[in-house]
Amino acid sequence: MRPILTVLCSVAAVLLSACNRPAPDSALDGESAANYVERVLQEERVPGAAVGIWHRGEPVLLRGFGVTNVDNPHPVDGETLFKLASTSKAFTTAALGLLVEEGKLDWDGRVVDYLPNFRLADPWVTREFRVVDLLTHRSGLGPGAGDLMLWPQPNQYSRSDVLAGLAHLPITGSFRADYAYDNLLYIVAGELVAEISGLSYEDFVQQRLLARMGLDHCYAGPVPADARDNLADPHRLEDAADGEAKLVVDTPNLAGFEPIVLAAAGGMHCSAGDMLTWLRTLLDGGQIPGGERLLSTETRDRLWRPETLMPFSPERAERDGGHFYAYALGWRVQDMHGKKVIHHTGSLSGMYAWAAVVPEEDLALVVLMNRSAGAARQALIYGLLKPYLGAPERDWLAYFQDLYGAPTDAVEPEALAAPVGFTAVTESELTGRYRDPWFGDMEIAREGEQLRWRALKSPRLSGTLTPSGDGVWALYWDDRSLDADAWMTADRSETGNLLLTMQPKSRGIDFSYDFHDLRFEKVLPEKELDDSRATTALSAVAL
């Protein structure tokens, strides 16, 4: 027994020394971190950001940079509210964790046992779908399936629409095998919280998580009127007449006074200071700074346990100094330079976020930005995190600028050729109302010299159709900030009714524009529908 005990003691000694070793010599101090943030924001033309760093029991940095709105400038500070986007997902999984602790929910319980109306296109998958499957991006749905019910905002879809629409989305991958990021199932998870707790998703998260941690600048639902003076607005770069790209406010922040559909998937607002408190609570095994316990360490560990392997290219492995990359429950987990990093990004139009913890270093970091600037966010992630991991020094801003291009560079996406081989359709036959089983209705109509396409429940999805061959039209959105023009193609159903499908017009369009999942069938007037049914019946008799 003594040799075994000796080995165990040696292992314990190594682990203890690892936990207690001093911070890497290259760890950032607050001034260096702030200078780096300012450089990134200036070069990448990000109007405002809030950044927080906590390391080994001490605050390193908690500061705002820039302004909340370029048209009505207000300095960003540590209490400024930003959209959390998909970093909201971790609050949703923590809410479910509390219900598991109370014995009201089981991670491996069948979703239909809690939500009888839950349906996917495959009946077997529906029956076997467990709570954990809502959270791990391995449902078999394609990337971003159904996201056109969530954005562009504002729109008129409800959570009931999302639940009903799931049954009509195609299963394109292997259940529990293929990673494909989704948002709709997190909305289902939020409805699960509401169904079991008897509170709305927003009220449960606000009362059971945010209020207990004392997060006075964090909201699961609408932002109160008295907190809106310190609210960051989303921005984008827009070409100006003089050729100089100009920062403009994108869509309004949409904090609204009513709950939004995507709250559980990406709808929260929070400050950098409160996000640091949240991350510190998780680092401390679920214990809130000050001593009260929010959730058990066992639950915290379950949230961070890898479930689904994610794509991990050789280039990323080399850049990260790692060997694996996986999705847990509302968190991504990977090894970087020998240390486990638990993190998540958040991306909405005009708003980017990132939150991360490194348990071995007792390190928490948060970055909140009010422009969708990929190079800036990546440069901040790597430039702020890597020094604490003992990684070799590198100019990460220069690296990602080379990878992404300068913020004012006009990046022309690779155009996709117009589809061919479709059904020729006259304009008089094309105009009218169409229905997709999950997206709902859209209309095509002649307006002056233009042929117009309009979604009835998503007003920003309105555009002009230009013929491009038999049964093919190019669809150009009026809102040019969408960067998501599409091809529309015509076909016919077995009964001869007109069917319209869509596909992106260029590569690189965000996967949330899931045009390929749309299948519009013309809604016939009642008399025409009766005639069509009669024709079908006569054909059947003739056969």
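Visitor: Is D133 buried or exposed?

Guide: Burial is judged from relative accessible area: buried means under 20%, exposed over 50%, and partly exposed in between, with a 1.4 Å probe and protein chains only. D133 is buried, its relative accessible area being 1%. This is a predicted model, in which local features need pLDDT of at least 70 and side-chain atom pairs count only at pLDDT 80 or more, while totals for chains, interfaces and linings use all residues. Residues are numbered from 1 along each chain as its sequence is written, and side-chain values use heavy atoms, with hydrogens and water left out.

Visitor: Where does D133 lie, and which residues does D133 touch?

Guide: D133 belongs to the loop between α5 (123–128) and α6 (159–165). Helices (H or I, at least four residues) and strands (E, at least two) are DSSP runs, numbered from the N terminus. Contact means heavy atoms within 4.5 Å. Leaving aside residues up to four places away in sequence, D133 touches E128, R138, F175, R176 and L185. The C-alpha atoms of D133 and F175 are separated by 9.2 Å, and the two residues are 42 residues apart along the chain.

Visitor: Which cis peptide bonds are found in that loop?

Guide: One joins W151 and P152, with omega about 5°, and P152 is placed in the loop between α5 and α6. Another joins Q153 and P154, with omega about -5°; P154 is also in the loop between α5 and α6.

Visitor: How many residues does the largest nonpolar core hold, and which touch the most other members?

Guide: In soluble globular proteins, nonpolar side chains tend to be buried together. A nonpolar core is a set of buried Ala, Val, Leu, Ile, Met, Phe, Trp, Tyr and Cys residues joined through side-chain atoms within 4.5 Å. Here the largest has 121 residues, and F118, W278 and W453 touch the most other members. Helix α7 (residues 184–197) supplies the largest share of this core, nine residues. Another core, of 37 residues, lies apart from it and includes A33, L61, F65 and Y352. Over the protein's 543 residues, 52% count as buried.

Visitor: How many helices and strands are there?

Guide: The protein has 16 helices and 21 strands.

Visitor: At what angle do α2 and α14 pack, and how far apart are their axes?

Guide: Two packed helices are described by the angle between their axes and the distance between the axes. Axes are lines fitted to C-alpha atoms, for helices over the stretch in contact, and angles run from 0 to 180 degrees between N-to-C directions. Helix α2 (residues 30–44) and helix α14 (residues 396–404) pack at about 25°, with axes 11 Å apart. That makes α2 roughly parallel to α14, since angles under 35 degrees count as roughly parallel, over 145 as roughly antiparallel, 65 to 115 as roughly perpendicular and the rest as oblique. From α2, Y36, R39, V40, E43 and E44 meet W396, L397, A398 and Q401 in α14.

Visitor: At what angle does α13 pack with α14?

Guide: Helix α13 (residues 374–385) packs with α14 at an angle of about 150°, and their axes are 8 Å apart. That makes α13 roughly antiparallel to α14. In this contact, G374, A375, Q378, A379, Y382 and G383 of α13 take part together with W396, L397, F400 and Y404 of α14.

Visitor: Which strands form the closed barrel?

Guide: Strands of a sheet pair through backbone hydrogen bonds, either parallel or antiparallel. Two strands pair if DSSP finds at least two bridges between them. The closed barrel has eight strands, running β14-β15-β16-β17-β18-β19-β20-β21 with antiparallel pairing. From one strand to the next, the twist averages 30°. Within this order, four bridges join antiparallel strands β18 (residues 472–477) and β19 (residues 486–492), and V472 stands opposite T489 in β19.

Visitor: Where do R56 and D483 lie, and what is the phi of each?

Guide: R56 lies in the loop between β1 and β2, and its phi is positive, about 50°, although R56 is not a glycine. At 27% relative accessibility, R56 counts as partly exposed. D483 lies in the loop between β18 and β19; it too is not a glycine, and has a positive phi of about 50°. D483 is exposed, with a relative accessible area of 63%.
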